[in-house]
Amino acid sequence: MAALVILAMENRLMRLKEFSKIVIPKIEQTLETELTNDVSLSTLRESMLYAVLAGGKRLRPMLSLAVLQTYGQPIDNYLKAASALELVHTYSLIHDDLPAMDDDELRRGKPTTHRAFGEDMAILAGDALQPLAFKWLTAADQPLSDAQRVQLVTALANDSGGAGMVAGQVLDIEAMQKDVVTLSETQAIHYHKTSALIAYALQAGAIMANADEKVQKILRDFGMAYGLAFQIKDDIDDYQAGKVESQAYPTILGLPQTVSALKTQVNNANTALSQFGKATGLDTTLLASFLDYFTETLEQTWE
């Protein structure tokens, strides 16, 4: 009976809250099972699992799966390919936390990987996670054509490397050496460091659903706006908690204008979703519900 209830939920449109209840456990299980199967060296496997299973929203694989759900595709068939992005995201967090970067001691309330396993093992865990993501994208045990695999690998390489996430980290490091950071410099950091992988997540879902390039571009636009909104909200939350940084939006714009900037990006994301709906004739309810994440911040009174 329980299986029939879940199947019924998966076969109709839903919003993020119930969608996440279905897919997050599947993503977690996929990450644990597939990583355990792929890494035989116990010390390396333990450090990788420690970092990957440390928690988090699983936003990026959920976005890929939400696109597939919107297209009416069986999401269970694509869990491995969708979860590959979480490996890249985790590797970036491991390396960001290192003494040479942000030198953080805690990540999601737990000791960072280099604190738990040593700096050398943390670097190697991150190094191993990155190529494993590409192995998962090209694995034969999922319904993807060779052309789709090539598209996924090419897009992830672009968005995670020197034209995307890594470029954002470089810009971030350079900004930390400055007394004053401009709005355009801050946006460039976050477009690369945060938005690029979120845009990839949406494009990846479109590629797996066999969407054309026009639709892929529209979903990337949604992802770029969503990623920037995500970072702006994060800066607002940090600012309220007393964490003030030179490249943060409230420092540059002031708090009320930062909230206005957040509203602009949410509007941009909604515009892209409207274009997606017109181009495909599909219902955008599920994808639109990801924007609920920003509602509470936007509805507050800011002075």
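How do the residues of the lining of the largest pocket divide into nonpolar, polar and charged?

## The largest pocket

The structure discussed in this report is a predicted model. In answer to the opening question, the lining of its largest pocket consists of 16 nonpolar, ten polar and 18 charged residues. The space inside this pocket amounts to about 1400 Å³. A total of 44 residues line the pocket, and L93, D96, R107, K193 and D234 are the ones closest to its centre.

Several elements contribute to this lining. At least two residues each come from the helices α4 (59-70), α5, α9 (165-176), α10 and α11 (213-240), and from the strand β1 (106-107). Three of these helices, α4, α5 and α10, are taken up again below in the account of helix packing.

## The largest cavity

How many cavities of 30 Å³ or more does a search of the whole structure find? The search finds one. The volume of the largest cavity is about 100 Å³. It is lined by 13 residues, of which A51, A54, D97, R107 and T113 lie closest to the centre. The greatest contribution is that of α5, which gives three residues. By class, the lining of the cavity has six nonpolar, three polar and four charged residues.

Two packed helices are described by the angle between their axes and the distance between the axes. Helix α5 spans residues 79-96 and helix α10 spans residues 183-208. Their axes come within 10 Å and cross at roughly 165°. An angle over 145 degrees counts as roughly antiparallel, and α5 and α10 are therefore roughly antiparallel to each other. The crossing in which α5 passes α10 is right-handed. On the α5 side, the contact is made by A81, A82, L85, V88 and D96, and on the α10 side by K193, L197, Y200, A201 and M208. Eight of the residues in this contact are nonpolar, none is polar and two are charged.

The axes of α4 and α10 come within 8 Å, and they cross at roughly 30°. Angles under 35 degrees count as roughly parallel, so α4 and α10 are roughly parallel to each other. This crossing, too, is right-handed. From α4, the residues L59, R60, L63, S64, V67 and L68 take part, and they meet L197, I198, A201, L202, A204, G205, A206 and M208 of α10. By class, the contact of α4 with α10 has eleven nonpolar, two polar and one charged residues.

## Helices α2 and α7

At what angle do α2 and helix α7 pack? The angle is about 105°, and the axes of α2 and α7 (residues 119-137) are 12 Å apart. Angles from 65 to 115 degrees count as roughly perpendicular, and this is why α2 and α7 are described as roughly perpendicular to each other. The residues in contact are T30, L31, E34, L35 and D38 of α2, together with L129, L132, K135 and W136 of α7. Five of these residues are nonpolar, one is polar and three are charged.

## Residue L16

L16 belongs to helix α2, which covers residues 16-38. In sequence, L16 and Y293 are separated by 277 residues, yet from C-alpha to C-alpha they are 9.6 Å apart in space. When neighbours within four places in sequence are left aside, L16 is in contact with M62, L286, S289 and F290.

Note on methods:
Residues are numbered from 1 along each chain as its sequence is written. This is a predicted model: local features need pLDDT of at least 70, side-chain atom pairs count only at pLDDT 80 or more; totals for chains, interfaces and linings use all residues. Side-chain values use heavy atoms; hydrogens and water are left out. Axes are lines fitted to C-alpha atoms, for helices over the stretch in contact, and angles run from 0 to 180 degrees between N-to-C directions. Helices (H or I, at least four residues) and strands (E, at least two) are DSSP runs, numbered from the N terminus. A crossing is left-handed if the near helix is turned anticlockwise from the far one by less than a right angle, and right-handed if clockwise. Contact means heavy atoms within 4.5 Å. Ala, Val, Leu, Ile, Met, Phe, Trp, Tyr, Cys and Pro count as nonpolar, Asp, Glu, Lys and Arg as charged, and the others, Gly among them, as polar. On a 1 Å grid over the protein atoms alone, a cavity is a set of points where a 1.4 Å probe fits but cannot get out, and a pocket is an open set with protein on both sides within 12 Å along at least five of seven lines; lining residues have an atom within 4 Å of a point. Grid points are joined across faces, edges and corners, and a volume is the space filled by probe spheres set on the points.
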